[in-house]
Amino acid sequence: MLKSFTPLSIKHMTVKNRIMRSATMENMADEDGFVTDQIIKLYSDLAAGGTGLIITGACAVEKNGQVWNRQMAAWDDQYINGLERIATAIHRSGKDCKCAVQLHHGGLAGFGYSYGGKNSGFSLSDLTTAEIKSIIKTFGDGALRIKKAGFDAVAVHGAHGYLISQFMSPVTNNRTDHWGGTLSNRLRFAIEVCYAIKEKIGAPMPLLWKINCDDYIEGGQGIDEYLQAAFVIAESGVDLIEVSGGVKDQIRLRAKLKQQAGPGEAYFRFAVKPFKQAIGAKALAVTGGIRSLPIMEELLNDGLDLLGICRPLICEPDLPDKFQAVSKQVTARCISCNKCLLGIANEPVKCVEFCK
Ligand SMILES: Cc1cc2nc3c(=O)[nH]c(=O)nc-3n(C[C@H](O)[C@H](O)[C@H](O)COP(=O)(O)O)c2cc1C
Ligand code: SF4
């Protein structure tokens, strides 16, 4: 039996297989951040295609942290009904499919990782402690709305140079108070976000966290400090750590990582064993470059719990079902050209290469 299609328990949530749709910006909300029919169709198709756990695209916890014009919002109770439509559509279309919303604050408009982000004029060094506490609270409040909307878990975007990652990385955090400086100070914001969320959603609901394993930038944070960070975050109540990397210019970075990975595909394969060791019994996912079933099986045999997949599922939402019928397909169609990534600067996400 293929390990990719065995179940995994994360707290009280059982994921039916090891395929996790890594958060993918839809850029399909209406201009006020409300869920649209287009979003419902996207998630119905994904759920129907066999994915075990779907994480939505980054959903803004406050207006000031919204990076894309059509990014979904969770900063007010009036968003709960729309979010509930997504959870219902996923649960209805995908037998036993589980789902989470990814909570996000862009901070310095993503510090240049993604494309098409608005410039918010946000300054991390100018934030007062009261303002920082207020943002932390928005994560807790957003998480409660996700729970009320019927999702199975809450996810947090702690990677890629957005606000949480800006606090964590010395390249973006030059504060001299207890929110900056040492690693434990730079981690404080993330830890307080964990506590704020856990307090609102309660212990049984899983909390999923995306973190870098390396910033891949001069003056940034490397794997040793990220391993320490992952340990502390896991101890603070997070149930699954998803490993990614980078804080700036995603397209150039991904091209380099893809070349380095070669036929091994997975950009962050080297991180599997050390992160697994750092987070103990908590679940581990890695995302980046995974394209074929034989590689998926190798990663799981190395101790990985979940396979994070983004671009191939834009291209083929039914890829998990195709993989399960192995006689039909063992490699995704996606060629990692990144045209979809450039596309979300101006339009809803789609596979630009194959869906003309
Ligand atoms: C169009 C697009 C949108 C993305 N949006 C998000 C997002 O909202 N949140 C996030 O954490 N990562 C986002 N990512 C990064 C992916 O989740 C993933 O980490 C990256 O694409 C590498 O995985 P892949 O090789 O399977 O695509 C996005 C990537 C793409 C291509
Ligand atoms: S546009 Fe390119 S990278 Fe994006 S899903 Fe399509 S083939 Fe993959």
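Is Tyr-216 buried, partly exposed or exposed? Tyr-216 counts as partly exposed, because it has 18 C-beta neighbours inside 10 Å. On this scale a residue is buried with 20 or more other C-beta atoms within 10 Å of its own, exposed with 12 or fewer, and partly exposed in between, with C-beta atoms placed from the backbone.

Before going further, please note that this is a predicted model, in which local features need pLDDT of at least 70, side-chain atom pairs count only at pLDDT 80 or more, and totals for chains, interfaces and linings use all residues. Residues are numbered from 1 along each chain as its sequence is written, while chains are lettered from A and ligands numbered from 1 in the order in which they are written.

**The chain as a whole**

- The chain holds 12 helices and 10 strands; helices (H or I, at least four residues) and strands (E, at least two) are DSSP runs, numbered from the N terminus.
- Its radius of gyration is 18 Å, close to the 21 Å that the globule rule gives for 356 residues, so the chain is as compact as a globular protein of that length. The radius is taken over C-alpha atoms, and the rule is 2.2 Å times the number of residues to the power 0.38.
- Along the principal axes, the C-alpha atoms fill a box of roughly 60 × 40 × 40 Å.
- Of the 356 residues in the chain, 53% are buried.
- Among contacts with a separation of 6 or more, 74% join residues 24 or more positions apart; two residues are in contact if their C-beta atoms, placed from the backbone, lie within 7 Å.

**The nonpolar core**

- The largest nonpolar core has 113 residues, and Ala-74, Val-154 and Ile-241 have the most contacts inside it. Such a core is a set of buried Ala, Val, Leu, Ile, Met, Phe, Trp, Tyr and Cys residues joined through C-beta atoms within 7 Å.
- Helix H5 (residues 183-201) gives the most to this core, with eight residues.

**Around the two ligands**

- Ligand 1 is surrounded by 21 residues, and the closest are Ser-22, Ala-23, Ala-58, Cys-310 and Arg-311. A residue is near a molecule if its C-beta atom, placed from the backbone, lies within 6 Å of it.
- Strand E4 (53-60) and helix H12 (339-343) are the elements that give two or more residues to the shell around ligand 1.
- That shell has 10 nonpolar, nine polar and two charged residues. Here Ala, Val, Leu, Ile, Met, Phe, Trp, Tyr, Cys and Pro count as nonpolar, Asp, Glu, Lys and Arg as charged, and the others, Gly among them, as polar.
- Around ligand 2 there are 14 residues, and Cys-334, Cys-337, Cys-340, Cys-351 and Glu-353 come nearest.
- Helix H10 (311-315) and H12 each supply at least two residues of the shell around ligand 2, and H10 gives the most, with three.
- The shell around ligand 2 divides into nine nonpolar, two polar and three charged residues.

- The expected span is 1.5 Å times one less than the number of residues.
- Buried residues of H3 include Ile-135, Phe-139 and Arg-145. The buried residues of H3 pack against helix H2 (80-93), E5, strand E6 (153-157) and H5.
- Helix H7 (residues 250-261) has 12 residues and reaches 16 Å from its first C-alpha to its last, close to the expected 16 Å.
- Gly-262, with a positive phi near 55°, follows H7.

**Residues in loops**

- Most residues other than glycine have a negative phi.
- Tyr-216 has a positive phi near 50° and sits in the loop between strand E7 (207-212) and helix H6 (223-235).
- Asp-249 also has a positive phi, about 45°, and is found in the loop between strand E8 (240-244) and H7.
- His-105 lies in the loop between strand E5 (98-104) and helix H3 (129-148), and is buried because 27 other C-beta atoms lie within 10 Å.
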